[in-house]
Amino acid sequence: MRWPYHFIDLTDEQKLLRRESLDTFANVAQLSAVVPLLVVQLAFGFSRLSRRWQSQKDFDPPSSPYLKNGSLRPWNGFRIGSVFYRKVQWWMGEEQRLGDVEGTRGRVLFALTWLVWLFWLCFVQTGDDYLHLTKRFGIIAASQLPCHYLLAIKSPYSPFQYLTGKSHETLNVYHRLLGKAITFLLYLHAIFYVNFYVQKSLLISKLQELYVLCGIFALVAFKVISIPPHKYKSYRIFYTIHITLASLLLPFLFFHVSHLRIYLYESGAIYLCHTLLRSYATTTISGTIKTIPTGTGHDDLIEITIPTSQHTTTAFQPILTYRTAQHTYLSLSRSPLARSINSNPFTLASLPSIDNELRFYARVHAGNTAALAKAAAAATHSPTNDLTLTLEGPYGVQTHPDRLLTYDRILLVAGGIGATFVVPLYRQLLTDLSPSPGSYRREKVRFIWAVRSAEEKAWALPEEGKDGEGLGERAEVFVTGSTGASEREGGGGAGAEEGEEAIELQERTGLLADGSRSQEIHDGSESNGRLHTGRPDLHAVVGETFSHGASERVAVVVCGPKSLSRDLRREVGRWVVGQGREVWFWEESFGT
């Protein structure tokens, strides 16, 4: 089969028609992003309709033979469709890796489908014009830049977050996958042009022109930006390089060719809005930091406490908008550049409306947490023990408590410091379901927490005072006593640290595993939760959760080591795939 494209000399009129075709298909590539957003809205509508119908609990056909044979057929068909939809949705949520990007099957399949769509737009109606195809690769890639920058916005004001209901951490996977698609198209654009220059003996002269050099810089920048964080010795280096090149990319492309500038203006406006939104969400405030020994001899915790009462008289009060399960980027008060590089996310571990304070916990590693611990030690000699901190947020989904209340059964699972995300949800649920310990409504909740030492649970499940009353009634703590493993896996609840290569909430793999039954310790502290030794038997825990009735809708929330989420999802999947049970499974993690 012969190569269909050739070098063609065009008239000025033909060049104008080619330019119009290039602009048209680039606009189609950009505007087509509306289609998946509409599909998401349709999926939301189907999900709401399915939940509304199932809430009627009318699965059992009535005694009338007429109704059995006739009027229920449409509803039975809808039920079968709902079960099939849930199974497909679960399958799409399984882990999948595409190169250096780890996501779900659904996200990876969507990214591949989108790449095929963009690739088709590069070829359609190009005829046999080699330069038309070459230019099409470049302008289609540039048309995706505004969407790429939109997906990077952390603020809840992001249109993608608003329309999809997804957090920045979820959308960041699409951001990285789209970045790979853009880089692939730009590589083809550059390779085809180099071939053209070589064939026409123009390579040396073109390499001396500014617009070509700007294009080469942009291509190299995209390649460096696409390198995943774990390939760097330090996450701080990755973040600095990533932000710097993302900022320089647009000016260099501006001087590359003028036809791209409409997309660069859009991307620049989005970049500016993102910067302003981050500044708008940043607050400088006083707080206290103290170190909490964990009893393991290493990896102590730091507790950061910020009273909300000190900002009740200010006109702008972002600190008062924090809600359960959200997070903030926290650091010592520094210059904006130093703060941007050295801050990392901390999950809110308190209930601001009840506790009247923001409280955060994290393990002390290198980087930001080490600086916070050092500042805390120095502040002990000051009269007030206060430190000036900078908070950027709140970020993350704030609808978890309300959504959990719509389910018949709730299973919360945490590993180590991953409880900073789960414990506030647990407390909020107990309060919303019933303020009285021992009530029937509280029985719908179960909280499983694996820690390395019994001392680690003290910050979350106090034994004394009003906070401890009834808090542990639906909680079970498993003390694994594992301290020897050195390998760490990603978790959720705080940010990347220098030298740790990912996430503050990383825990040793010995914390959690399935298939090992625990042995209960009778320590006389039943009011503070049942205490066990060994690892939680996830198979038994999940089986007991789903044993209360086939019509019950179950919510499962997990935060901790990746091994925990993987094992728990496998156990829950048996009930979704095998029996078509309706499950909402949320894994909280902070991707890099």
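Which exposed residues does the face of H13 turned away from its buried side carry? I found Tyr265, Leu272 and Leu276 there. Exposed means over 50% relative accessible area, buried under 20%, and partly exposed in between (1.4 Å probe, protein chains only).

Ground rules next. This is a predicted model, where local features need pLDDT of at least 70, side-chain atom pairs count only at pLDDT 80 or more, and totals for chains, interfaces and linings use all residues. Residues are numbered from 1 along each chain as its sequence is written, and side-chain values use heavy atoms, with hydrogens and water left out.

**Entry: helix H13.** I looked up the buried residues of H13 and noted Tyr263, Leu264, Ser267, Ile270, His274 and Arg278. They cover an arc of only 125 degrees around the axis, so they sit on the same side of H13. The arc is taken from the directions from the helix axis to the C-beta atoms. Helices are DSSP runs of H or I, at least four residues; strands are runs of E, at least two; both are numbered from the N terminus. An α-helix has 3.6 residues a turn, so residues three or four places apart point the same way.

I then checked the partners. The buried residues of H13 pack against several elements, including helix H1 (12-31), helix H12 (235-254) and strand E3 (282-292). Contact means heavy atoms within 4.5 Å.

**Entry: His532.** I found His532 in strand E15 (residues 530-533). His532 is buried, at 6% relative accessible area. Its side chain makes a polar contact of 3.2 Å with the side chain of Glu476. A polar contact is a pair of N or O atoms within 3.5 Å; within protein, one must be able to donate a hydrogen and the other to accept it, and residues adjacent in sequence count only if both atoms are side-chain atoms.
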